[in-house]
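Here is a short briefing on a protein model. Look at the structure first, then work through the points by topic.

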Amino acid sequence: MAKIELVMPKMGESIIEATILKWLKKEGDVVQLDETILEIATDKVDSEIPSPVQGVVSQILFKENEVVAVGKVIAYIETDQKAAGDQQPATIVQEEPKVSPSTAQPPAIEKTVETPVISSTVIHSVEGRFYSPLVKNIAKQENISQSQLDQIQGTGAGGRVTKRDVIQWMEGAKTSPVAESLSPKTMQTQTPVSVASSSVSGQFEIIEMDRMRKMISEHMVMSKQTSPHVTSFVEVDMTHAVLWREKIKDPFQKKYQQKITFTPIFIEAVAKAIKDFPMINVSVNGQTIIRKFDINIGMAAALPSGNLIVPVIKNADRLNLLGLTFAVNDLADRARQNKLKPDEIQDGTFTLTNVGSFGNVMGTPIINQPQVAIMATGTIQKKPAVIETPTGDVIGIRHMMFLSLSYDHRVVDGSLGGKFLRRVGDYLEAFDLSLEI
């Protein structure tokens with residue numbers, strides 16, 4: 001009888017822990033090879049974890065909604081298979097057959113095969129304990145002292161203090177004697193606003209936020225607390241791009257079995273403009289600016305649930321329009337099917353959101369931290385516009401669109417933000433009608 005250790009898998013380079021969403025098997029259940037045994041969540045991505053072997057689930061070590069570090073054993077599976085060096089990724093312990101008491105020997109492990117487990121790396125501060133920039137930022141905003149921060153028990157990998165730990169500590173502090181030692185700002189910020197049921201008139205429904213909505217909510221509030229937002233607008237003549245797409249979309253679909261939308265056109269223009277203004281492609285760490293040389297553009301995609309997710313096109317500046325089209329369609333399709341990998345929503349350096357897809361003229365998007373800028377594209381509408389010609393100005397019908405750019409005024413001034421946005425518009429207006437792909 002072989003005993004298999006099922007470990008929390010590493011789902012991406014920057015993923016160090018995951019949340020167990022649901023166990024699809026319980027202790028004593030038979031599980032087949034590659035049959036889904038549980039569902040986990042990392043950031044906004046949910047993943048199904050298959051069983052590495054056929055056997056019986058003998059023990060489950062963590063409950064649903066618990067956060068588990070990568071590489072940690074989460075369950076045991078017993079199987080009749082013999083332990084072998086080429087066994088599926090897991091730690092296998094071959095047990096001795098039972099013998100009579102008179103000949104019994106101390107139990108010994110014949111063979112243990114261990115799969116390399118990538119442990120969570122914890123970087124320690126000068127004080128000997130690691131705090132993420134997000135935790136430090138919350139502590140600063142809520143006037144939590146270093147001594148108070150050191151007292152918080154961390155539930156993350158290696159005892160790391162997470163955002164949830166800090167929030168729970170503050171909520172507990174409000175009902176404890178030490179609450180009086182907290183600053184007025186902390187108490188005012190963290191005291192929840194409750195609405196008495198007697199104050200609600202008429203019929204209503206109370207809806208609990210799902211996990212993703214809670215994460216989006218926290219991320220948006222954190223972004224507004226972190227960055228002073230400024231939004232600039234320009235109006236762009238999209239006529240050339242619209243006429244080109246109308247001409248090319250049917251033969252393009254026949255040739256490549258792909259639909260071509262305006263999104264890859266927008267991304268191409270953004271990537272070109274970032275090369276012209278590289279200081280828009282940065283992040284902030286305290287009083288330092290981190291300039292990113294990779295141009296990784298995230299595109300906000302609406303899910304069937306109504307939530308948003310932002311898959312990232314890595315090194316978008318290295319792809320031509322055809323490559324961008326394939327990348328955009330692939331990520332959008334898999335986002336709707338909940339099949340994105342954790343790495344595919346990581347490491348974005350700039351974000352694009354298309355509010356025009358909902359019929360909106362323009363928007364003022366919230367920055368996707370730790371980035372410093374996000375651009376929104378509005379709906380494309382036919383409008384009368386002044387057209388300059390060598391023989392004089394005329395009024396004609398043009399396809400016009402508003403672009404809006406929200407940026408972090410700590411590091412992006414109006415000059416840089418305005419020039420960058422105008423440059424994106426210039427690239428869109430200069431779209432080549434004769435382009436062939």
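This is a predicted model: local features need pLDDT of at least 70, side-chain atom pairs count only at pLDDT 80 or more; totals for chains, interfaces and linings use all residues.

From H6 come Trp 244, Phe 252 and Tyr 256. From H8 come Leu 321, Leu 322, Thr 325 and Phe 326.

**How H6 and H8 pack**

- The axes of H6 and H8 are 14 Å apart, and the packing angle is about 70 degrees.
- Angles from 65 to 115 degrees count as roughly perpendicular, so H6 and H8 are roughly perpendicular to each other.
- The crossing of H6 past H8 is right-handed.

**Aromatic rings**

- A pair of aromatic rings is described by two things: the distance of the centres and the angle of the planes.
- The whole structure holds five aromatic pairs.
- What kind of pair do the rings of Tyr 256 and Phe 326 form? Their centres are 6.0 Å apart and their planes stand at 85 degrees, so the pair is edge-to-face.
- Tyr 256 belongs to H6 (residues 239-256) and Phe 326 to H8 (residues 321-336), so this pair ties together parts that are 70 residues apart in sequence.
- Ring pairs also bring Phe 252 in, giving a cluster of Phe 252, Tyr 256 and Phe 326.
- Is Phe 326 buried, partly exposed or exposed? Its relative accessibility is 36%, so Phe 326 counts as partly exposed.

**Charges over rings**

- Arg 245 places its charged end over the ring of Phe 262, 5.0 Å from the ring centre.
- Lys 3 lies over the face of Tyr 76, and the distance to the ring centre is 4.6 Å.

- Most residues other than glycine have a negative phi, and most peptide bonds are trans.
- Asn 143 has a positive phi, near 55 degrees.
- Asn 143 sits in the loop between helix H1 (133-141) and helix H2 (146-151). With a relative accessible area of 41%, Asn 143 is partly exposed.
- Asn 315 also has a positive phi, of about 50 degrees. Its loop runs between strand S17 (312-313) and H8.
- Which residues does a cis peptide bond join? The bond links Gln 369 and Pro 370, with omega at about 5 degrees.
- Pro 370 is in the loop between strand S18 (350-354) and strand S19 (373-377).

**The whole protein**

- The protein has nine helices and 21 strands.
- Of its 437 residues, 42% are buried.
- Take the contacts between residues at least 6 apart in sequence: 63% of them join residues at least 24 apart.

How values were computed:
Residues are numbered from 1 along each chain as its sequence is written. Side-chain values use heavy atoms; hydrogens and water are left out. Rings of Phe, Tyr and Trp (its six-membered ring) pair if their centres lie within 6.5 Å; planes under 30 degrees apart count as stacked, over 60 as edge-to-face and the rest as tilted. Helices (H or I, at least four residues) and strands (E, at least two) are DSSP runs, numbered from the N terminus. Buried means under 20% relative accessible area, exposed over 50%, partly exposed in between (1.4 Å probe, protein chains only). A charge sits over a ring if NZ of Lys or CZ of Arg is within 6 Å of the ring centre and within 35 degrees of the ring normal. Axes are lines fitted to C-alpha atoms, for helices over the stretch in contact, and angles run from 0 to 180 degrees between N-to-C directions. Angles under 35 degrees count as roughly parallel, over 145 as roughly antiparallel, 65 to 115 as roughly perpendicular and the rest as oblique. A crossing is left-handed if the near helix is turned anticlockwise from the far one by less than a right angle, and right-handed if clockwise. Contact means heavy atoms within 4.5 Å.
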